[in-house]
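Let's take a walk through a protein together, going from strand to strand and then over to a helix. Have the picture open while you read.

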Amino acid sequence: MSQPFRLSVPDADLDLLHKKLDLTRFPDELDGAGWDYGVPLADVKRLVAHWKHGFDWRKSEAEINKLDMYTTDIQVDGFDKLNIHYVHQKSEVPNAIPLLFVHGWPGHFLEVRKLLPYLTSSSPDHPSFHVVAPSLPGFGFSEAPHKPGFAGYQYAEVVHKLMLSLGYNEYVYQGGDFGHTIGVFVVNKYGNTHVKAWHSNLPVYRIPTFFSNPLLFLELLTMPFNKYIRDKVQTSLRIRKKEFGYFMVQSTKPQTIGYSFADSPVGLLAWIYEKLVAASDNYPWTDDEVLEWISIYWHARAGPAASARIYYELTRGNEASDMFEGTSWTSVPLGVAHFPGERISLPKSWAHMLGKVVQESFHEKGGHFAAFEAPEALAGDLRKMFGKGGPAYGVVSGKDGY
């Protein structure tokens with residue numbers, strides 16, 4: 001049974017945070033290093049000073065509590081029951097479309113906040129949605145798994161059973177980052193029967209092979225003569241070489257880095273802030289936005305370290321050559337969005353290996369955190385896809401959004 005949730009971080013936790021901030025020992029920095037070696041010292045010092053003397057967590061907390069939030073227990077096959085936190089923002093439209101929004105790392109449930117006014121509003125010109133946005137297990141204010149092996153299909157089971165518990169036997173799905181990855185598992189296990197359509201702003205999948213997709217494999221072979229394919233592949237390889245150090249650490253030794261996350265708010269800040277800047281499309285982050293984002297991790301129910309383990313589980317300790325192992329193409333209608341600041345960008349034709357692509361959009365602005373950076377654009381995609389005349393209009397029985 002769902003219980004209303006109200007966020008209230010104990011005063012003692014805030015006092016401890018400020019003691020740790022007061023005791024911060026900063027590293028040195030090379031002259032003129034800029035961002036080449038990581039987050040500049042001046043940026044971190046500025047943010048820490050604001051965290052100590054300017055940022056008002058209680059104000060952020062009050063704003064977060066304006067969302068309709070709940071917790072409920074979800075039993076996962078082969079694992080303990082988990083208490084899951086989620087936002088459930090309903091539209092006033094009775095026939096609103098149930099939409100499951102799933103975040104990734106270093107994201108969290110608050111990524112949905114800017115989308116909510118667009119998605120839940122009522123208008124004869126566009127569909128309306130009942131939006132469900134959970135904190136994944138180990139993230140935000142959800143309980144974390146207590147034993148190893150909690151991977152793709154387990155995350156999928158959690159979010160699917162959450163939707164069923166709310167009475168949504170049929171629903172649609174939206175995700176980016178690991179929200180996309182989990183979406184692949186969700187549609188593979190529950191697609192068509194329960195998940196009637198889905199949308200991704202990170203439409204990546206495995207590299208095509210001769211056996212998985214002969215046409216795309218042959219296209220890949222044209223790389224020496226095909227500038228578009230060559231540029232996409234080389235850019236992705238360069239990003240993996242230069243920007244995936246965190247991925248390797250969290251995929252292989254999340255417990256080791258976890259001690260730094262759990263004990264040092266400044267270490268956690270620097271680790272995540274680097275990703276926020278690098279992965280966004282020159283988004284003008286305010287210090288308050290950054291510190292609220294980091295605070296969700298610092299004050300997480302399971303602590304700041306638990307969320308990093310998703311990398312280990314989805315890659316089997318980086319032993320898995322295919323993060324999507326056990327999945328395949330599905331006929332569930334799929335919409336994909338391409339944002340120019342998304343650094344993980346593969347040839348657009350590869351999205352068709354995921355499923356039945358019915359809508360594809362290309363935006364002029366926005367990056368990895370599309371729901372946060374470009375909420376109007378992302379909401380516009382969903383309205384177009386599920387609205388009257390759209391390729392997925394009326395996919396949920398009796399709930400067309402109008």
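## Strands side by side

β4 and β6 run parallel to each other and are paired over four bridges. Within that pair, Phe101 sits opposite Gln174 in β6. Strands here are DSSP runs of E with at least two residues, helices are runs of H or I with at least four, and both are numbered from the N terminus. Two strands count as paired if DSSP finds at least two bridges between them.

Before going on, note that this is a predicted model: local features need pLDDT of at least 70, side-chain atom pairs count only at pLDDT 80 or more, and totals for chains, interfaces and linings use all residues. Residues are numbered from 1 along each chain as its sequence is written, and side-chain values use heavy atoms, with hydrogens and water left out.

Now zoom out. Nine strands make up an open sheet with mixed pairing, in the order β1-β2-β3-β5-β4-β6-β7-β8-β9. At the edges stand β1 (3-4) and β9 (355-362), each with a single partner strand, so one side of each has no neighbour in the sheet.

Here are some of the pairings:

| Strands | Sense | Bridges |
|---|---|---|
| β2 (residues 69-75) and β3 | antiparallel | seven bridges |
| β3 and β5 | antiparallel | four bridges |
| β4 (residues 97-102) and β5 (residues 129-134) | parallel | four bridges |
| β6 and β7 (residues 195-200) | parallel | five bridges |

Asp73 has Asn83 in β3 as its bridge partner, and Gly175 has Ser200 in β7.

## What's hidden inside

How many residues of strand β3 (residues 81-89) are buried? Eight of the nine are, so β3 is largely enclosed by the rest of the structure. Buried means under 20% relative accessible area, exposed means over 50%, and partly exposed is in between (1.4 Å probe, protein chains only).

Strand β6 (residues 171-175) has five of its five residues buried, so it is largely enclosed too. In a regular strand, side chains alternate between the two faces of the sheet. In β6 both faces are covered, with Tyr171, Tyr173 and Gly175 buried on one side and Val172 and Gln174 buried on the other.

The largest nonpolar core has 121 residues, and Phe109 is one of those that touch the most other members. Such a core is a set of buried Ala, Val, Leu, Ile, Met, Phe, Trp, Tyr and Cys residues joined through side-chain atoms within 4.5 Å. Leaving out residues up to four places away in sequence, Phe109 touches several residues, including Ile64, Met69, Val87 and Phe141. Contact means heavy atoms within 4.5 Å.

Which residues of α8 are buried? They are Ile229, Val233, Ser236 and Ile239. These cover an arc of only 125° around the axis, which puts them on the same side of α8 (the arc is that of the directions from the helix axis to the C-beta atoms). The buried residues of α8 pack against α7 (214-221). On the other side of α8, Lys227, Lys241 and Lys242 are exposed.
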